[in-house]
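Please look through the structure below with its sequence beside it, and then follow the report from one region to the next.

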Amino acid sequence: MKRAVDGGQDIAPSGRVMSDKFLYETLDSASELGFLKKEIPSYLKDNLNPGFELRPYQVESFARFFHCLDKDFPGKEWPLHFLFNMATGSGKTLIMAGLILYLYEKGYRNFLFFVNSTNIIEKTRDNFLNPLSSKFLFKENIRFDAKRVSVTPVVNFEGINENDINICFTTIQKLHSDLTTEKENAVTYEDFKDNKIVLLADEAHHINVGTKSQQDFEELNWEGTVRRIFEQNEDNLLLEFTATLDYAHQSIVEKYRNKVIYRYDLRQFRNDGYSKDVCIVQADFEEKERIMQALILSQYKQEVAAKHHINLKPVILFKAQKTIAQSQQNKANFHQLIENLIEDDVERIRDKSDIPLVKRAFEFFESNGITPTQLAERLRREFEERRCISVNEEREKEVQQILLNTLEDKDNRIRAVFAVQKLNEGWDVLNLFDIVRCYTTRDSKAGKPGKTTTAEAQLIGRGARYFPFVTGEQNDRFRRKFDSSLADEMRVLEELHYHSINDSRYIAELRTALINEGMMDEREVIKPLQLKDSFKGAEFYKRGLLYINERVKNNYGYVRSLSDMGVSKKNYAHKIASGRGATGTLLDDNEKVGRVAEAAQKDMKITEIPRHIVCSAIARQPFFTFRSIKQYFPHVASVREFVEADDYLGGLEITFLGDLIELDGLSNKAQLDAMIGLLGQIELEVRKSITEYRGTEDFKSNAVSSIFSEKVLKLIKGSERANGDEQFVSDKGWYVFNANYGTKEEKAFVRMFSRQMDTLKENYDGIYLVRNERHFKIFNFSDGRAFEPDFVLFLREKGGNMLTYQIFIEPKGKHLKEHDNWKQEFLENITEKFKGKILTFKIERETQKYRLIGVPFYNNEDENQFKGSLYEVVGN
């Protein structure tokens, strides 16, 4: 029987969980109200592959699991069963790896990973076990404190190493077969009865055969097998992962109402910028010309990436309709096209296509000196037969599996893939940029997408994984960077192009299917952001400056002591067990309970501890390798100096607490234990100060005309941002853009600012308020975090002394103030660092002078407080 929480404590004090509410909905509310602790333990972060930076939604998923594991809530049942409903491409396997590390610390050693596909099993084994894989999930050496831990594949849980992370990888089909048929060395139900085990189910929607058909769980099906395994031990955990949960199926809803821990679906994933944007390229071309157009666009993407120093090899998928024979014919035709490709074929597309994207591609080729002859030559070389693979038959797919799973690797030269249906779940390629539909038929009914169109939309969703890159100041590798600059040439690196015939009915059906899948949003609208002609004609636009800083790698060159990294000089206290104690009667009226005598104390400098003991303690702490010491304390020349110098360990002391006899003759063990404790404390304090980047304190001048440009924005119809407040800002000469596509807080700020104009004009002319629509970033001094202030205000003093105030302004809703408090501190730091300083820039015979200021957050409810802060710094 299951043990359950009856009633119990609500997850958030905002109210009880309603019977028709999903667990994830309650957790949504708890998260919004700040009731979830979003701190990731260092042993989890530090033991994941450092190449995989945790994204905010992954941190959120961990926080929800930690909360639900430790807290009671209505409907909680043991053994514990949770489901993560997360989008394809969101990094579910990385979340699994993090959960394995977390649960290892909680005492779990045995993990059963199962899925319905052999392909996914092999790929996941590689990701969990092979340090040479580009997608290896763990740090090469996993450590918990001083203990090294191995990840070990096992076939069952007999005779396992209790210090290892033991993972059994299997398909659900094989698991079901092994448990229903006696086999040598196979897993048995006894394995699960005697060991507490974490079951990790990927693509978990395939398990629910019994629920969907409303069969009894005792039936011999996959779901019954999983349930029987799961219920063998009350400490077992079942963690399911899927991008596809059928919320329309009543039995599924009832099963998972109190189990779905997080719903982060494809629509949210895409809207948060973590996927490519899908664009349908429809053309009245024959198939050969549609393929040529796709090849040209693919090469365009490679050339754009190369121009911006991004190593990208874009891949094209050629999709056949139904049969392997069709795919084979597509491949044969393709090779013939490539072998005979000449410049005339390129020029024909250039002259015939009226698609804006294709026109931009040819403009790019021309401006970068790539002639049609050169382009034809590059296409013949890039798409020669040895750079194409077919993955149709199972045997063929297995032979090509390594190439298929490593398409992003630098030494993988594959540019084209030919397939019918084999590339569905488990294919997580990032550099797929084009899909060519090599057929023209439709299978819709009454205008609704048919099965083929729905499958095409699902394929597009799997292919739209974002290819990570950084460029210039755009340092978020994993998110789209040009939603606010659709005309930027690099935008093409954030788009997946689906090439089809120009059939309006089919395109409408495909759009519907993509909207249903979450890969398109029917509410999207395109809005132009334009500079007013009056501003473009102004002297300030032509000659004015904007001062911003840069982000640089933190080399820790400024660190010359432990204290520079935040290490306290306070003595570390180490207690030696003395065996002292006392007895007493708790309910005695005289209240005389024996007291334990206070321990004696002895201070000892680190330099007084034998050096071999200190070095032994250092050797047991992986953080204190000389390489690590040199990284964070670059002026240390040797371990000896680190141990003996007053600025480092030599300046610290340990306070020993214990029996006088013990203290008079401190044992080597006591001193070693104390040193290990001290080093652990130092590590904790140092880690708090470790940052990969820092923001420079030197702000450099940039021409206003080079920073603030016109853009094309993609916004959501009906949202607060889509309303540009055009009527209000149109006659405001000081507001430089044609619209304010900001939040309601930003719009309130602009209206408040408008009411200050009469006062400001008494002392200033050349007043310009510029909304920062991702035009520039500044970087936090201490850790290099990027900050895009919503506005920058320029005020030029009257009187001819050419002093201009450059003021960073950030409107912020009250609910976000605490979360973004670091930004307010950064603004205050800017004001403090540039207090009394004037930045000068000489242009010809004229010297421009600027003063930099950051003011506290603006909030509509506290606008008088903001006005006071603003006038305080500008002197009105």
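## The parallel sheet

In this predicted model, Asn 85 stands opposite Thr 242 in β10. The strands concerned are β3, residues 80–86, and β10, residues 237–242, which run parallel and are joined by 6 bridges. Helix α9 (residues 222–230) packs on the sheet and touches β3, β4 (110–115), β9 (197–202) and β10, while its direction makes about 145° with that of β10.

The sheet itself is an open one of 7 strands with parallel pairing, and the order of its strands is β7-β8-β4-β9-β10-β3-β11. At its edges are β7 (151–153) and β11 (260–264), each of which pairs on one side only. If direction is ignored, neighbouring strands of this sheet are turned by 20° against each other on average. Helix α3, residues 56–70, also packs on the sheet, where it touches β3, β10 and β11, and its direction makes about 165° with that of β11.

## A helix beside α3

Two packed helices are described by the angle between their axes and the distance between the axes. For helix α1 (residues 23–32) and α3, the angle is about 105° and the axes are 11 Å apart, and α1 and α3 are therefore roughly perpendicular to each other.

On the α1 side, the residues that meet α3 are Leu 23, Tyr 24, Leu 27, Asp 28 and Ser 31, and their counterparts in α3 are Glu 60, Arg 64, His 67 and Cys 68. Sorted by class, the contact of α1 with α3 holds 4 nonpolar, 2 polar and 3 charged residues.

## The mixed sheet

Another open sheet consists of 3 strands in the order β21-β23-β22, and its pairing is mixed. Because β21 (572–575) and β22 (600–605) stand at the edges with a single partner strand each, one side of each is left without a neighbour in the sheet. Neighbouring strands here are turned by 25° against each other on average, again with direction ignored.

How many bridges pair β22 with strand β23 (residues 653–658), and in which sense do they pair? The two strands pair over 6 bridges in the antiparallel sense.

## Helices α23 and α27

Helix α27, which covers residues 668–689, also packs with helix α23 (residues 611–619), at an angle of about 45° and with the axes 9 Å apart. That angle makes α23 oblique to α27, and α23 passes α27 in a right-handed crossing.

From α23 the contact involves His 612, Ile 613, Val 614, Ser 616, Ala 617 and Ile 618, which meet Asn 668, Gln 671, Leu 672, Met 675, Ile 676 and Leu 679 in α27.

## Helices α19 and α20

Helix α19 (residues 451–463) and helix α20 (residues 504–517) have axes that come within 9 Å and cross at roughly 55°. The helices α19 and α20 are therefore oblique to each other, and the crossing in which α19 passes α20 is right-handed.

In α19 the contact is made by Thr 453, Thr 454, Glu 456, Ala 457, Gln 458 and Ile 460, and in α20 by Tyr 506, Glu 509, Leu 510, Ala 513, Leu 514 and Glu 517. The contact of α19 with α20 has 6 nonpolar, 3 polar and 3 charged residues.

## Backbone details

Most residues other than glycine have a negative phi, and most peptide bonds are trans. The peptide bond from Trp 78 to Pro 79, however, is cis, with omega near -5°, and Pro 79 lies in the loop between β2 (77–78) and β3. His 309 has a positive phi of about 60° although it is not a glycine, and this histidine is found in the loop between α12 (287–307) and β13 (315–319).

## Confidence of the model

The chain has a mean pLDDT of 87, and 91% of its residues reach 70 or more. Over residues 7–18, however, the pLDDT is below 50, and beyond near neighbours in sequence this stretch has 24 contacts in the model.

Note on methods:
Residues numbered from 1 in each chain as written. Predicted model: local features only at pLDDT ≥ 70, side-chain atom pairs only at ≥ 80, totals over all residues. Heavy atoms only, no water. Axes fitted to C-alpha atoms, helices over the stretch in contact; angles between N-to-C directions. Helix = DSSP H or I, 4+ residues; strand = E, 2+ residues; numbered from the N terminus. Parallel < 35°, antiparallel > 145°, perpendicular 65-115°, else oblique. Left-handed = near helix turned anticlockwise from the far one by under 90°. Contact = heavy atoms within 4.5 Å. pLDDT = per-residue confidence, 0-100. Pairing = 2+ DSSP bridges. Nonpolar A, V, L, I, M, F, W, Y, C, P; charged D, E, K, R; others polar.
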